[in-house]
Amino acid sequence: RPASPAPRAELESLALTGHDPLLGIAAGGTTPYVLGALRLAKEAGASTGLLCCAPVERPASCDALICVETGPEVVTGSTRMKAGTATKLVLNTISTTLMVRTGRVHENLMVDLRATNDKLRDRALRIVGELTGLDREACHGLLERAEWGGKAAVVMHAGAPSGYAPA
C-alpha cells in the first residue's frame, strides 16, 4: 500500500540517506502515517525503528522494534497517559545515550553545549566552572573566547599553561 502524500513530502524535504536513522512513534504500532514514513525512509536507505506501546509484529520496513507494553489505558483512547509517559522515558533514554556515546557529556555534565541564550549561558558558566575550578568571571572570559562553546572552553583551559585564567 503506498504511503500517504503527507509523510512523503516531509521525508523528501529531509533528503534521508543510508547515513540517517528514522524512529517512528505510534502508541498502538499501527498508525498509517508512521508506517508510511518508515516505508519511505527504508526506501531511501535509512535505518528505521518503531517505538510502540502495544504488542505488534515488526513491520517489514522496520529494522528495530521497541515495544514497551504498557497495557490498557485507564481512560480508553487516552494514550497520553501510560503510553505517552513510557514513550517519553524511552526517548529520554535514547537521547541521553546518544549524547554520551557521541562525546557530548563529561562525567555527568553536558559539555557540548552551545550557549545561545541567557539560561544556557548561565548553565555553561556553571559547567565550565565545575570542570575547571575557575571562578565565574574567569569562566565568562574563557567562554567568550570559545564563542560560548562549553566543550571548547574546557578543552582550551585544559591545554593552557598551569595556573592560566583568561582575562
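Author: The crossing between α4 and α6 is right-handed. The model is a predicted one.

Reader: What makes a crossing right-handed?

Author: The near helix must be turned clockwise from the far one by less than a right angle. The crossing of α4 and α6 is of that hand.

Reader: At what angle do the axes of α4 and α6 cross, and why is α4 called roughly parallel to α6?

Author: The axes of α4 (residues 118–132) and α6 (residues 150–158) cross at roughly 25 degrees, coming within 10 Å of each other. Angles under 35 degrees count as roughly parallel, so α4 is roughly parallel to α6.

Reader: Which residues meet there?

Author: From α4 come V128, L131 and T132; from α6 come G150, A153, V154 and H157. Of the residues in this contact, four are nonpolar, three are polar and none is charged.

Reader: How do you know that the buried residues of α6 line one face?

Author: The buried residues in α6 are G150, A153, V154 and H157. Viewed down the helix axis, they fall within an arc of 95 degrees, so they line one face of α6. An α-helix has 3.6 residues a turn, so residues three or four places apart point the same way. The partners of the buried residues of α6 are α4 and α5 (136–145).

Reader: What does T87 touch beyond its neighbours within four places in sequence?

Author: T87 is in contact with I25, L51 and C53.

Methods: Residues are numbered from 1 along each chain as its sequence is written. This is a predicted model: local features need pLDDT of at least 70, side-chain atom pairs count only at pLDDT 80 or more; totals for chains, interfaces and linings use all residues. Side-chain values use heavy atoms; hydrogens and water are left out. Axes are lines fitted to C-alpha atoms, for helices over the stretch in contact, and angles run from 0 to 180 degrees between N-to-C directions. Helices (H or I, at least four residues) and strands (E, at least two) are DSSP runs, numbered from the N terminus. Angles under 35 degrees count as roughly parallel, over 145 as roughly antiparallel, 65 to 115 as roughly perpendicular and the rest as oblique. Contact means heavy atoms within 4.5 Å. Ala, Val, Leu, Ile, Met, Phe, Trp, Tyr, Cys and Pro count as nonpolar, Asp, Glu, Lys and Arg as charged, and the others, Gly among them, as polar. Buried means under 20% relative accessible area, exposed over 50%, partly exposed in between (1.4 Å probe, protein chains only). The arc is that of the directions from the helix axis to the C-beta atoms.
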